[in-house]
Amino acid sequence: MNNSPVPPRRQGSFPFLRMDSRAVGAAISVAIVLTSCATFMNSAFAGRLLQTARNAQVGTAGIEGTILDITGNLVAVQDEGSRTIFCVRPTPADRSRLKAGVSVRVSGAFLDGVLRVNSLQVTGGNPWPDPVDPSQSPDRIEHILFLMQENHSFDNYFGSYPGSDGPAGDVSVEGVSPFHLASTVTRSMPHSLLAARRAVHGGMMDMFVSAEGSRDTMGYYDGSDIPNYWAYADGFTLADHFYASAMGPSLPNHMFAVAAQAAGTTANMAKPPAGGFAVETLPDRLESAAVAWKCYVGDKNPLAFTALNPLPGFSSFIRNPRLMSRLVRNTELFRDLREGNLPSVAWIFPNGEESEHPLTDVRIGMWYVTTIVNALMKSAYWRNTVLVMTWDEYGGFFDHAPPPQVDTSGYGPRVPALIISPFARQGAIDHATYDFTSVLRLIEDRFALTPLSERDRDAASIAGSLDMSQPPNAPLLIGDVVHRTIQP
């Protein structure tokens, strides 16, 4: 493991809302997305993705909802209609009269994924109580949060991050070299089991362009596009050999994230099999051991099975209303952090618009994540929490590192992973091999639970990224747009 600090980069500004013909093409290619993602996207969801892409292009939007968090100049508002959490930048005069819990109606223009306010009205609601300070032990892990976003490979987000295992300068796949994407809204590419196997090509990693049907597979982002994520890598730990647990799409990987197996599932599906998936989950074990847990869900109905929210499809949940009651809207996460009710273990799943799934603007998803990290860091829970943030699968984007084949399911291509905690090694790049079951292994070891499968039994624990003896990291609050220029 390389624990040396990442070299500093010069700061600067970058263009607002850079758009080109590819962004327009992405916005009008909903038919492609519906074909590749139809098993978990209904028409309303697809329509919202299209509207998000259009908003990013034209720059205008209006939302109405509840304030969840205020950090610096930024206000997190959950839109009542879509349940999407947006970051809003009000005027100083408006900012002074806002509180969490208050309802607002906002209109403005999107810049850098943040809605810059032209008009703001307070429409009702009651301010939430002041945050409480529950008794916490600062020298041990008491809370583990597992946050999962969507559809990006490691090389797509961090392949150009200094010191990471990114592609060599002379890499070319089918005549296409890696290139910086001109838009933060991209088309959706195939990411089925068949497409992933074809792209990986037995570990040669040389068929991505033909497997995905687009040169966009070779595109990447850097710190000028996703500055908050690169800032978290600077301040905490980036894992650069973290693999998707399964070769293929979202559902089997989300199942690995809760059950350490996919129960034979290799594709997304609109509904679970009759009677549900008949395998035990880690939440089952936590419930039996009286370890408090929740799953915070971005969708309107957290009890509905989707590829991004698989727990309602497991047999034990179908039979047990008590387990189902632990699946709650993500609004509750912000209240739990303020009111002293954060469980020992939590999964955090977005809705489609927050997820960074192609056809959405990745910056909107980045700011959604930032609101959660800000709320955690301002709470009393920060001092003994580990937040592991990752992406569920490669989403059709190129990655140069051949995934180890540990069984018939996977691994799949690498995905980004950030370990954010007072105990994370600051500015370190962890080169150990991990997958989603590595997070389960951390939870199992901390709360004395037996493994669910061979996968989590044999997985390296994410604990390898932590140093319990170091001086604790201070919070890294992001309260305004981070401008960052990457030097060629």
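These legends walk through several close-up views of one predicted model.

In this predicted model, local features need pLDDT of at least 70 and side-chain atom pairs count only at pLDDT 80 or more, while totals for chains, interfaces and linings use all residues. Residues are numbered from 1 along each chain as its sequence is written, and side-chain values use heavy atoms, with hydrogens and water left out.

View 1. Strands here are DSSP runs of E with at least two residues, helices are runs of H or I with at least four, and both are numbered from the N terminus. Two strands pair if DSSP finds at least two bridges between them. Strand 9 (residues 237-239) pairs with strand 16 in the parallel sense over three bridges, and Thr237 stands opposite Ala428.

**View 2. Strand 13 (residues 345-349) is mostly covered.** Five of its five residues are buried, where buried means under 20% relative accessible area, exposed means over 50% and partly exposed lies in between (1.4 Å probe, protein chains only). In a regular strand the side chains alternate between the two faces of the sheet. Here, Val345, Trp347 and Phe349 are on one side, Ala346 and Ile348 are on the other, and all are buried. Strand 6 (residues 143-149) runs parallel to strand 13 and is joined to it by four bridges, with Phe146 opposite Trp347. Strand 11 (residues 293-297) also runs parallel to strand 13, joined by five bridges, and Val297 stands opposite Phe349.

View 3. Eight of the 11 residues of helix 15 are buried, among them Phe436, Leu440 and Ile443. Just after helix 15, look for Ala448, which takes a positive phi of about 55 degrees.

**View 4. Helix 9 (residues 250-259) is largely enclosed by the rest of the structure.** Why is helix 9 described as enclosed? Because 10 of its 10 residues are buried, including His254 and Phe256. The cover over these buried residues includes strand 6, helix 10 (282-288), strand 13, helix 15 and helix 16 (454-458), with contact meaning heavy atoms within 4.5 Å. Ala260 follows helix 9 and has a positive phi, near 60 degrees.

**View 5. The second largest pocket holds about 310 Å³ of space.** On a 1 Å grid over the protein atoms alone, a cavity is a set of points where a 1.4 Å probe fits but cannot get out, and a pocket is an open set with protein on both sides within 12 Å along at least five of seven lines; lining residues have an atom within 4 Å of a point. Grid points are joined across faces, edges and corners, and the volume is the space filled by probe spheres set on the points. Of the 16 lining residues, Asp69, Ala100, Pro131, Arg338 and Lys378 are closest to the centre of this pocket.
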